[in-house]
Amino acid sequence: MDPILVSPQSFSVLGIPTVIFSLLIPVIGVAIFTFIMAKRIAPLVKAAPDYRFDNLPNRLFNILKIWLMQWRQPRYRLAGILHIVIFIGFLILSIRSTSLVVIGLSNDFVLPGFGGCIGDIYNILKDIAATGVLIACIIAAVRRGVYKPARYSVPEKYGHDHTAEAVFVLGIISLLMLSESFFEASFVAAQVKTGAFEVAHLMPGTLVWFSKLFLLNFSQSSLQTVHILSYYVHDITFFFFLCFLPLGKHFHVITSFFNVLFMRTKKGNIKPVMYGVTDDKLDELESFGVKKFEDFTWKHMLDFYTCADCGRCSDQCPANAVGRPLSPRFISIKARDYCFEHYPIRGSFIKSEPLIGGIFSEDEIWSCTTCGACEQECPLGIEYIDKIVDLRRGMVDEGMVPQSLQKPLKALEKRGNPWGKMEKKRSEWTKDKEFAAECPVKLVEKGETAENLYFVDSISSYDDRMQDLSKATAKILSLAGIDFAILGKLEKDSGNEVKRFGEEMLYQDLKDQNTTAIIESGAKKIITADPHAFNVLKNEYSGLPEVEHITQVVARCIKEGTIKLDTCEDPEKVYTYHDPCYLGRHNNLYEDPREALDAIPGLTRVDMEKSRDRSFCCGGGGLMLFYEPEEETRMGVLRVEMANEAGANVIVTACPFCLVNLEDAIKVAGFEGKIEAIDFVELIERHIVR
Amino acid sequence: MEILVCVKRVPDTSENEIEVNSSGSDIERDDLVYSVNEWDNYAVEEAIQIVENAGSGSVTVVTIGDDESEEILRREMAMGANNGLLLSDDAFENSDGKGIATILKAAVDKGNYDLILTGAQAEGGAAQVGGMLAAMLDLPYASLVNKIDIGDSKLKVGREIEGGNQEMNDISMPCVLSIQTGINEPRYVGIRGIRKVASVDIPVMSASDLGIDASAVGEAGAKVKRVDYFVPDLGDGAEMLEGSTEEIIGKLIELLKANGGL
């Protein structure tokens, strides 16, 4: 019996067998794709080293969760769901598309394992997938082309709008879905029309089923044309798309798997200046940080390739929200544009030029508070903090540091604190008469020892207002029966921000001095109330005893019964907890402070819309207090407004820097008398049953 | 262009609590941290920028002091100065302004400089060394310079004058300029930069190396002697107004009216 329709393998047009095209299209397509990929890999080979082959179980877990299960996608509901549909559709249809390529050469080809029942199930699945993808593409195109969500817009200074490329690709994907359906539907329609004995079953309601209904109106010869034409439209579109991917933001279709596999698996730390160079060998390095494109690590370049331009990072970025000249999305996009320009597909590579003053500005790179909101959000595991810090290291090495930051850095070098206050006054807060009578504090500088070391850090040691937090912390510890001492003048700034502002060697000095002092103190545990100190001691220092934040200590003492809390002194007030970045996002500490607050009987607590891992940075701590950014408003002001919207009139935080920023913001935003900010330790200390 | 910049090691006012000692002879120097005089740092940055823009030449930083002063020379060399020169001799101790200028003049005579920069003043606030040095060298001088444009054999220098106004002058080289802060944005010097120049050799010159008569400088040659330091007694003219903003404004207006201010 003659086949109902002639296959692409056997068909001829004007005497030319089409099987030639079935061979040529994939061969040419793969050749071009290989060539493009070789060019794209070139800069990665010249890049700085990056160690990303550790922690394999974690990496595989990330692949399952973040890549395969698209875990972060639904954080933006509609876009996320549309993406999941398209992503799963792609996974399912990749099998069909691959076998279609072979079918052009050998009509009876069946992918191994897809013969019997599995093949039937798969066919239904891929028809559903294709239908879903087409619908998702249409919704996505309308959304991007008509509704134009704000986060996709491109400010003028960052170049042209990207909507055209996005809609074009949605069109390409739709064309793939339609041509695949028409290829199959034309065959089934022909079967139906010739009254064939066995007609392939098509699931009603799917794209291919609708296509078949439509094609039943066509003559047999027209169906033959549709069959062949749709095959080659699919074939050409498929290979065109493959070669188009590495040319723009859709490169993520290829790179996302690797980018998620190699994404960071640790939190709260900064990459070493150069992988493979230990701290004691840093002096031997010729240059520090990222000054030119090739100074980025290969993973950071892969990040640039992978950015899908979804704008979620910048939508969450507090610096972007207050109009600072920083938008993380465009850190990636500008670097990718630079890379594509300097490593073109055709023509020779262009000599690299300095990034600062070129694609990036100094203020742009200093604008980041390292809050981590961008990285927390990125569905593709792109990193920003390490890149920002590497760029800052490069600027510090070249002397490009704003005057506003030079003073505190110099003071840190000379006095171990950014204000340049005398070392001997570091413990002065303990000598306040009234306080000292109630709560004597042991001093390691005087040779006293204790089981626990309370690491106070600079701001809580020297700032008049923040000394209240040190006193409250000390009182809590002593009321809970915890034996503790402070280092006093032996303590230096923890250096969390010194490292993050790119002054690595100064950080190393501070770290070494603190490490020696802490180890010599003989303490078995470190407790701090400053999340920045907590972060750096826990995640970046080495060889120290266990480090705990005061919120963890309090939560535990409440459970153990060593701390008992009185009824809330202001039960009419509504409290909200502001997650400090270095406690929450960088260290996953969300529950302990909330549990402790909820343990105060009668306290009403609400969460702001942006809370936990979506918490909004108050304006930044450490050296960020000294930086004078260009901005339209303050981050703290926006944060206080968020608390107001949540109906709160007391913002509780657990970080001295948050408190500085929030207290200032309350005044600036005109909420004095309506909203107050208070630290966790102050609130707990007031409520402890003595 | 060969540039000499005169620098001084001073207690850093932003990182110290300055107190007069009990005898009134000096400030308390225990627990002080020192750095390069702020004005001098601007002068060094300016010199480095001039040489960078010219593409040729060198910057030498010179200071008078003991071994500890070497630290600030290294810091300025980490910034980009090519050479350091330490003028050190027991005979230099307790020089007055003229003594300092005499020592610096001897150092200038040993070299061949097109331009000599000093800071406008140091922590003592006398602002005298630049002018004296120029006079001794018989070179043209401009003080409080906050702008320098390089011409062929001439400089165009801007000076800050009363009321924030700007004065522009042509000045021929070689010359001496005392530099005002704000002329540029001095670059940052990190610990890494200082370590890089930690082992660079810095020549030391004594009074005899410089051919200076020891009796003309130092305590022996000083014609100006510091007699006393003291903190002025607090006056009792201050009155703190208290109350809400409106109340304070009300009281202030009353006070101004009562005292003929309005």
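## Chain A overall

Of the 690 residues of chain A, 47% count as buried; a residue is buried if 20 or more other C-beta atoms lie within 10 Å of its own, exposed if 12 or fewer, and partly exposed in between, with C-beta atoms placed from the backbone. This is a predicted model, in which local features need pLDDT of at least 70, side-chain atom pairs count only at pLDDT 80 or more, and totals for chains, interfaces and linings use all residues. Residues are numbered from 1 along each chain as its sequence is written, while chains are lettered from A and ligands numbered from 1 in the order in which they are written.

Chain A has 27 helices and 11 strands. Helices (H or I, at least four residues) and strands (E, at least two) are DSSP runs, numbered from the N terminus. Along the principal axes, the C-alpha atoms of chain A fill a box of roughly 105 × 60 × 45 Å. Of the contacts in chain A with a separation of 6 or more, 78% are accounted for by residues 24 or more positions apart. Two residues are in contact if their C-beta atoms, placed from the backbone, lie within 7 Å.

Helix H7 (residues 220-244) of chain A has 25 residues. From its first C-alpha to its last, H7(A) reaches 35 Å, close to the 36 Å expected at 1.5 Å a residue; the expected span is 1.5 Å times one less than the number of residues. The buried residues of H7(A) include A:Leu223, A:Val226, A:Ile228, A:Phe238 and A:Phe239, and among them are also A:His227, A:His234 and A:Asp235. These buried residues pack against helix H1 (19-46), helix H3 (77-103), helix H5 (163-193) and helix H6 (207-215) of chain A.

Helix H26 (residues 656-668) of chain A is mostly covered, with 10 of its 13 residues buried. Among them are A:Pro656, A:Phe657, A:Cys658, A:Asn661 and A:Glu663. The cover over the buried residues of H26(A) includes helix H18 (458-462), helix H19 (467-479), helix H22 (531-539) and helix H25 (635-645), together with strand E10 (650-653) and strand E11 (676-679) of chain A. The end C-alpha atoms of H26(A) are 18 Å apart, which agrees with the 18 Å that its 13 residues should span at 1.5 Å a residue. Just after H26(A), A:Gly670 takes a positive phi of about 75°.

## The sheet of chain B

Chain B contains an open sheet of 9 strands with mixed pairing, in the order E9-E8-E7-E10-E6-E1-E4-E5-E11. Its edge strands are E9 and strand E11 (204-205) of chain B, each of which pairs on one side only. Two strands pair if DSSP finds at least two bridges between them.

Within the sheet, strand E6 (residues 115-119) of chain B is joined to E10(B) by 5 bridges, and the two run parallel. B:Gly119 stands opposite B:Ile179 in E10(B). Helix H2 (residues 70-79) of chain B lies across strand E4 (58-64) and E5 of chain B, running at about 165° to E4(B). For such angles, axes are lines fitted to C-alpha atoms, for helices over the stretch in contact, and angles run from 0 to 180 degrees between N-to-C directions.

## An open helix of chain B

Helix H8 (residues 245-258) of chain B has 14 residues and reaches 20 Å from its first C-alpha to its last, close to the 20 Å expected at 1.5 Å a residue. The number of buried residues in H8(B) is 0, so this helix lies largely in the open. Just after H8(B), B:Gly260 takes a positive phi of about 80°.

## Contact between the chains

The contact takes 21 residues from chain A and 15 residues from chain B. On the side of chain A that touches chain B, helix H15 (385-397), helix H16 (403-415) and helix H21 (504-521) of chain A each supply at least two residues. The largest share of that side, 8 residues, comes from H16(A).

By class, the side of chain A that touches chain B has 8 nonpolar, 4 polar and 9 charged residues. Ala, Val, Leu, Ile, Met, Phe, Trp, Tyr, Cys and Pro count as nonpolar, Asp, Glu, Lys and Arg as charged, and the others, Gly among them, as polar.

## Backbone exceptions

Most residues other than glycine have a negative phi, and most peptide bonds are trans. Phi of A:Asp309 is near 65°, a positive value. A:Asp309 lies in the loop between helix H9 (298-306) and helix H10 (312-316) of chain A, and is partly exposed, with 18 other C-beta atoms within 10 Å.

B:Asn94 has a positive phi of about 60° and lies in the loop between strand E5 (83-87) and helix H3 (97-110) of chain B. B:Asn94 is partly exposed, with 14 other C-beta atoms within 10 Å. The peptide bond from B:Met173 to B:Pro174 is cis, with omega near -5°. B:Pro174 lies in the loop between strand E9 (165-172) and strand E10 (175-179) of chain B.
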